[in-house]
Amino acid sequence: MQKNSSMITGLGYAVPEKVLTNFDLEKMVDTSDEWIRTRTGMSERHIADENTASSDLSTQAATIALAEAKLKPKQLDMIIVATVTPDTLFPATACYVQKNLGAVNAAAFDINAACSGFIYGLTMADAFIRSGFYKNILVIGAEILTKITDWTDRATCVLFGDGAGAAVVQPANGGSEILKTFIKSDGRLTDLLILPAGGSRIPATHESVDKRLHYLRMEGQEVFKYAVKAMGDAAIETLKSAGVSSDELALLIPHQANIRIIQATARRIKLPMEKVMVNVDRYGNTSAASIPIALTESIQQGRLKRGDYCLLVSFGGGFTMGAVLFKY
Ligand code: ACO
């Protein structure tokens, strides 16, 4: 075991009840189930109702993760919420989660690394534990992307879903262990994936609303190109620096943005699809929530056994990328 390493001791996820299928979308925009399935691998996604915010799903997911870790909210030192759809621009969504849980002793803050947010959060938690600063850290990836989705734009509105996933990270005890983390960004690509208004560059005005600038915009094909490269690079770099070959991986859990991006990443590291977790068909792209949801499901489905190597890998708006290699 590495000195002061960390491990995931509890996991949980929550998605809204309402399901929106491709057939529902056919009635909303000029699209088809066939187009969406063949271009993205998606069949349905979960959609939050108007009263649900990211902190609500976060709290549900966190409660499950804390129970698995047998940790009381008061024992938490830190709550990190990764999201691009916070409840409010400030205070941080993590502070609402803190209130909901009664985690009165924690430092709570949000991070924004788009779809790579959970990987960034896990990396920070691992570093805080390795440094000896903190012991009990809750990392959450949570998104209600459907509230920043332009439901008149067929090129984006078919892609996204809502959800939250949470992980409790604590010092490793000789079994499971986070072995390697890797995060990187390329700020030259900020325009590829952006929510243009609502910040200090373009504050909310009648004009910004009329121009639909408060909805997510994306250069789909460009994002696709960079996504394939970023996820492959992050995976290869992480495996190489850990001295682990892709043959040794029991499971790859990539960000669930598009089945074709996932397949291309698997090909790049020469991994058969049987060793790749895919649930994009049922949840769509849930951004920062996608990896913790997929990780929780893969364990529930018995796809990881104790001692197995698992690689999480992501890309997202920013452009951000990252990977975490751990022994389950
Ligand atoms: N239904 C039917 N037709 C559509 C739809 C739709 N929903 N959307 C676009 N089309 C049309 C286009 O108008 C175009 O028509 P044209 O040829 O007549 O002009 C045609 O389909 C092909 O469009 P492309 O954009 O070339 O389709 P592509 O094969 O690239 O697939 C997609 C589009 C699925 C968006 C793909 O580019 C992709 O997955 N990109 C990456 C998206 C992604 O991963 N985003 C991550 C966001 S994560 C975050 O940080 C929030």
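The paragraphs below go through the ligand site, a sheet and some backbone features of a predicted model. Local features require pLDDT of at least 70 and side-chain atom pairs count only at pLDDT 80 or more, while totals for chains, interfaces and linings use all residues. Residues are numbered from 1 along each chain as its sequence is written, and side-chain values use heavy atoms, with hydrogens and water left out.

Several polar contacts (pairs of N or O atoms within 3.5 Å) can be followed here. Polar side-chain atoms of Trp35 and Arg260 each lie 3.3 Å from an oxygen atom of the ligand. At Arg154 a polar backbone atom is 2.8 Å from a nitrogen atom of the ligand. On its own the ligand has 1,000 Å² of accessible area, of which the protein covers 75% (Shrake-Rupley method, 1.4 Å probe). Helices (H or I, at least four residues) and strands (E, at least two) are DSSP runs, numbered from the N terminus.

Next comes an open sheet of five strands, in the order 1-7-6-4-5 and with mixed pairing; two strands pair if DSSP finds at least two bridges between them. Strand 1 (6-14) and strand 5 (107-111) are at the edges with a single partner strand each, so one side of each has no neighbour in the sheet. Strand 6 (residues 137-144) and strand 7 (residues 162-171) run antiparallel and are joined by eight bridges. Val139 has Ala167 in strand 7 as its bridge partner.

Some backbone geometry remains. Most residues other than glycine have a negative phi, and most peptide bonds are trans. The bond from Phe90 to Pro91 is cis, with omega near 0 degrees, and Pro91 lies in the loop between strand 4 (78-82) and helix 4 (93-101). The bond from Gly318 to Phe319 is also cis, with omega near -5 degrees. Lys70, in the loop between helix 3 (54-69) and strand 4, has a positive phi near 55 degrees.

Conventions
Polar contact = N/O pair within 3.5 Å; in protein donor to acceptor, adjacent residues only side chain to side chain.
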